[in-house]
Amino acid sequence: LLRQDEKVSYIPWGFPKLDETVLSTLGDLVILGGRPSAGKTALSLQMAWEQAKTQKVGYFSFETNPDEVYDRLHALAASVDSVKIRKRTLGKDEIARVIQSRKEFTTRSIDVIHASEMSVADVRSVTVARGYQVVYVDYLQIIAPYNERATDKQNMDKAVLELKRISRDFKLPVIAVSSLNRMSYGQRISMEAFKESGAIEYSSDVLIGLQLRGAGEAAFDPTEAKKKNPRQIEAVILKNRNGRVGEKIEFEYYPMFNYFTEKG
């Protein structure tokens, strides 16, 4: 079994209001969903980066190349433009900040795993072999199917159930990023947005939906909302087995730096 500090009952997210509302309890499956441009990956990376101060974190990236993920972490740590890092067009001052930020990586334990062809069984095996204490999966809908003949819904339900078993069997938080069904894009985020998989609703311990502030209102213009810098994002607590439901936590999101900060 994985080594666990029995004195630890939960692992902070690094955001005071979110920590107060949703405890990342050992053994929980947390689903973080949202529409494009809501910053799902950016927020999950910032959470993982914070938790890596005290925990061994495994970040399974199913869509994005690990080099790009590490570039985004460098942008977060150094407060520089992630696009400039990828294109290698940093100025002297920015290069100096990135070099300085590399010291942060020696004080944190985070592995980014190229998971493009992995199944949930592979996630379990790697988690056990490397002794991760927190696991991130980015993202659910492109995990390799357990059965090529099964429907997308059956494969999704199986993936969610197996991720829940990982969290339960090894008493660690598993945080999975999820897309939403397209029918819900113009609406206020709700449980209905995750209906492609009943297992997301029933097996998750915590379900958090990210949306641009004002989504679902008559005057809402998503194009204009995306142009704002910072973007105004709401995290809606749709399910919370051990706490309050329906809470909204407001964030400001700086896409250039892959950085979130709570408002107020």
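User: Lysine 164: buried or exposed?

Analyst: Lysine 164 is buried, at a relative accessible area of 18%. Buried means under 20% relative accessible area, exposed means over 50%, and partly exposed is in between, using a 1.4 Å probe and protein chains only.

User: Where do these values come from?

Analyst: This is a predicted model, in which local features need pLDDT of at least 70 and side-chain atom pairs count only at pLDDT 80 or more, while totals for chains, interfaces and linings use all residues. Residues are numbered from 1 along each chain as its sequence is written, and side-chain values use heavy atoms, with hydrogens and water left out.

User: Where is lysine 164 found, and what is it in contact with?

Analyst: Lysine 164 is in helix 7. Helices (H or I, at least four residues) and strands (E, at least two) are DSSP runs, numbered from the N terminus. Setting aside neighbours within four places in sequence, lysine 164 is in contact with Gly27, Asp28, Leu29, Ser203 and Asp205. Contact means heavy atoms within 4.5 Å.

User: At what angle do helix 6 and helix 7 pack?

Analyst: The angle between helix 6 and helix 7 (residues 152-170) is about 20 degrees, and their axes are 9 Å apart. That makes helix 6 roughly parallel to helix 7. Axes are lines fitted to C-alpha atoms, for helices over the stretch in contact, and angles run from 0 to 180 degrees between N-to-C directions. Under 35 degrees counts as roughly parallel, over 145 as roughly antiparallel, 65 to 115 as roughly perpendicular, and the rest as oblique.

User: Which residues meet there?

Analyst: From helix 6, Val120, Val123, Arg124 and Val128. They meet Ala159, Glu162, Leu163, Arg165, Ile166, Asp169 and Phe170 in helix 7.

User: Changing topic. What order do the strands of the sheet have?

Analyst: The sheet is open and has nine strands in the order 3-2-4-5-1-6-7-8-9, with mixed pairing. Strand 3 (109-114) and strand 9 (259-262) are the edge strands, and each pairs on one side only. Two strands pair if DSSP finds at least two bridges between them. Neighbouring strands are turned against each other by 25 degrees on average, direction ignored.

User: Which strands does helix 6 touch?

Analyst: Helix 6 (residues 120-130) packs on the sheet and touches strand 2 (56-61), strand 3 and strand 4 (134-138). The direction of helix 6 makes about 155 degrees with that of strand 2.

User: How many residues of strand 4 are buried?

Analyst: Five of its five residues are buried, so strand 4 is mostly covered. Val134, Tyr136 and Asp138 point one way, and Val135 and Val137 point the other way. In a regular strand, side chains alternate between the two faces of the sheet.

User: How many bridges join strand 4 to strand 2, and how many to strand 5?

Analyst: Five bridges join strand 4 to strand 2, running parallel, and phenylalanine 60 stands opposite valine 137. Four bridges join strand 4 to strand 5 (residues 174-178), also parallel. In that pair, tyrosine 136 stands opposite isoleucine 175.

User: What about strand 6 and strand 7, parallel or antiparallel?

Analyst: Antiparallel, with seven bridges between strand 6 (residues 206-212) and strand 7 (residues 231-240). Leucine 210 stands opposite alanine 235.

User: Which residues of the largest nonpolar core touch the most other members?

Analyst: Among its 38 residues, these are Trp13, Phe15, Leu18, Tyr136, Ile208 and Phe260. Helix 2 (residues 40-51) gives the most to this core, six residues. A second, separate core has 33 residues, including Val123 and Leu238. A nonpolar core is a set of buried Ala, Val, Leu, Ile, Met, Phe, Trp, Tyr and Cys residues joined through side-chain atoms within 4.5 Å.

User: One more. Where does phenylalanine 62 lie?

Analyst: Phenylalanine 62 lies in the loop between strand 2 and helix 3 (66-78).

User: Why does phenylalanine 62 count as buried?

Analyst: Because its relative accessibility is 4%.
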